[in-house]
Amino acid sequence: MLEAAHQDAKRLAVDGVHPCYLIDYQLLHRFIYDQGRTLESLVEFWYLLEQQDITLIVGHGTFIEVLHRVQRSTKIHLPRVAGIESYEHFVDRLGVLSSFYDFNELLDTLIRKDRHHARAIKRLADVLQRKNIEYIWDLGARAGETLLDQQTYVNALDVLSSIRPSRKSVYPNAADAMNIADVAGLRSMSERGAYPGYCFMLTDTRPLLDERNWARDPHMDRTGYPSAVSRTPVAAIYSHLILPSDGATAGQVADNTVRLMYDAAEIEKELRSSAGYRGPISMGNDRWEDIAAEGRITPELIQQLGLLSRFVGDPVIAETQRMYDNSRRAMAIWSAQYGDRQAVESPLRLFDVILSLSRVLGQQDRPLSDLASFWQSVIERSADHAGDWWTLTYQRKGEGPDGVPYLEVERHRDFAIVRWPSSASLENVLAAFAAIFARHGIKHVVLLLGMECDVIKFDAELPVTPDEFQAGIREAEDGFARDGLGKPLWIRMNAEPFDLYADLFPSQPGLDPVLGICGTGLDFLHIRELYQATAQRFLFDSWFDAVLADAARDEWRP
């Protein structure tokens, strides 16, 4: 991803062009039907759709596949798609098809005729009518030329047919080859200065991403840029996060990506030269803060932490990792509805350990044995008074208002709410909730589950397993609607003396799922255990206790 972002920044600085993306139909199909083996890419695609400054293009092949798949799924006959599987019909009818159909009218007709697919078709219509969506034939009409590069089409079709010979007809390979040819045509326009974008095919389909097989763009080899045709959604997000809006600072961004690549190589060199790489080193089950406070951090480890902190402290690296983690977690929870358990692990908590230790190791005014006193050198508090309550936000110093907080505390007169961004799976959320209620001897709770289409209420006995959770959803869905209740968005468990809440699926792409506890007389130890089990970020125990003690001061009570 660093190399891809470097090339994008270089193109922006030299040629003044941003990346744009032609959408592979398979990605679009899985998005509208919530299907696919690489589920995290669907949330990443959702994020890209919401970015108005990213141009997404419907190519000739994608357009034909939309019509063909809609006909196959709904059994509604679309006469002009008939026979499109043959090579001759595909080429001959392409211009007629692209000028004949009005998407709004077509999709409205399909929604009325087949209610079973109505939800998916509505999502398809929403995608195709976005302001940042363009159509390849419109771009060609404005340029006064046909953007399809015929030689690229022939070459790509030959190679795709050789590596995917099991396809039932030439049609799917022909559609992908047509999109590849569109990418080549757009790049040719860009090279001549006639189009302000550098196009990639946006896909998560493995054969299309494997550039070794076929994807050598004949137009761009001579320009000094790598000629890869395809790009994954997560690579597109990284590029979007790192690129400036114009070319004025693009050179600095290109230089920064080079520095990051150098840092990554230097880190790898140091880690591969360490004793821990050559053989396992046992540090027992001690906590990181105990290791630091007792002076067991070696000079070699200090050097490695310094190198790592330069890399993981880069805001774009951290933001991209956060986006990637959130998308994987959301889709893991969604797929769990159908019995597919996916483990979700993230390095973000390790990022916090590295950055926190690096910060305190650089201070010589206090011994590390007094680690708890260092918390204010790493964490800063902001306070907002809303009239009836105080909201206290605790973040790493230097991250600014857009940074992800360690936690937030709302102080009301008679109760408090403590919440934080969560990275926990559904299984871990259910287990953590059951554990904190068990500490208070509570076995029965009221469970509320917010779905896309309704709120389900249960009387539950703890612990609730993921299988019981899914069984409850299926029972509630019986007789509801053919499309079901949709995704689980949030879960809440209510009992005396507190309530617990957790987001399961984001309401908007890029939002962090939040988990929290609301009640009176909250126990620091219990909240800390819940935080350790579910939080996206990491705090040393002593720092967490110090933050809660700061939030509990009388001055914050309304």
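Trp-46 is buried, because its relative accessible area is 16% and buried means under 20%, with exposed over 50% and partly exposed in between (1.4 Å probe, protein chains only). This tryptophan belongs to helix α3, residues 40–49; helices (H or I, at least four residues) and strands (E, at least two) are DSSP runs numbered from the N terminus. Pro-233 is 187 residues from Trp-46 in sequence, yet their C-alpha atoms are 9.4 Å apart in space.

A word on the model: it is predicted, so local features need pLDDT of at least 70 and side-chain atom pairs count only at pLDDT 80 or more, while totals for chains, interfaces and linings use all residues. Residues are numbered from 1 along each chain as its sequence is written, and side-chain values use heavy atoms, leaving out hydrogens and water.

Glu-65 is another buried residue, with 2% relative accessibility. Its place is in helix α4, residues 60–74. Between Glu-65 and Tyr-25 there are 6.6 Å from C-alpha to C-alpha, although 40 residues separate them in sequence.

Now for two helices and their spans. The expected span of a helix is 1.5 Å times one less than its number of residues.

| Helix | Number of residues | Expected span | C-alpha span, end to end |
|---|---|---|---|
| α16 (residues 299–312) | 14 residues | 20 Å | 20 Å |

The buried residues of α13 include Ala-250, Val-253, Leu-260 and Ile-267, and also Asp-263 and Glu-270. In α16, the buried residues include Leu-301, Leu-305, Leu-308 and Phe-311, along with Gln-304 and Ser-309.

What about the nonpolar cores? Such a core is a set of buried Ala, Val, Leu, Ile, Met, Phe, Trp, Tyr and Cys residues joined through side-chain atoms within 4.5 Å. The largest has 89 residues, and Leu-407, Ile-491 and Trp-543 have the most contacts inside it. Apart from this core lies another, of 58 residues, among them Ile-23, Tyr-47, Leu-67 and Met-189. Leaving aside neighbours within four places in sequence, Trp-543 is in contact (heavy atoms within 4.5 Å) with residues including Val-360, Phe-374, Trp-375 and Ile-379.

Strands β6 (residues 379–385) and β7 (residues 390–396) pair in the antiparallel sense over seven bridges; two strands pair if DSSP finds at least two bridges between them. Asp-384 stands opposite Thr-391 in β7. The two strands, β6 and β7, form a hairpin with four residues between them, and Gly-387 in the turn has a positive phi of about 100 degrees.

Are the cysteines Cys-20 and Cys-199 buried or exposed? Cys-20 counts as buried at 2% relative accessibility, and Cys-199 counts as buried at 0%. Their sulfurs are 4.2 Å apart, too far for a bond, because a disulfide is a pair of cysteine sulfur atoms within 2.5 Å. The whole structure has zero disulfides.

The structure also holds eleven aromatic pairs. Rings of Phe, Tyr and Trp (its six-membered ring) pair if their centres lie within 6.5 Å; planes under 30 degrees apart count as stacked, over 60 as edge-to-face and the rest as tilted. Tyr-135 and Trp-137 are stacked, at 5.3 Å centre to centre with 20 degrees between the planes, and both are buried. Phe-538 and Phe-540 are edge-to-face, at 5.4 Å centre to centre with 90 degrees between the planes; Phe-538 and Phe-540 are buried too. Finally, ring pairs link Tyr-21, Tyr-198 and Phe-200 into a cluster.
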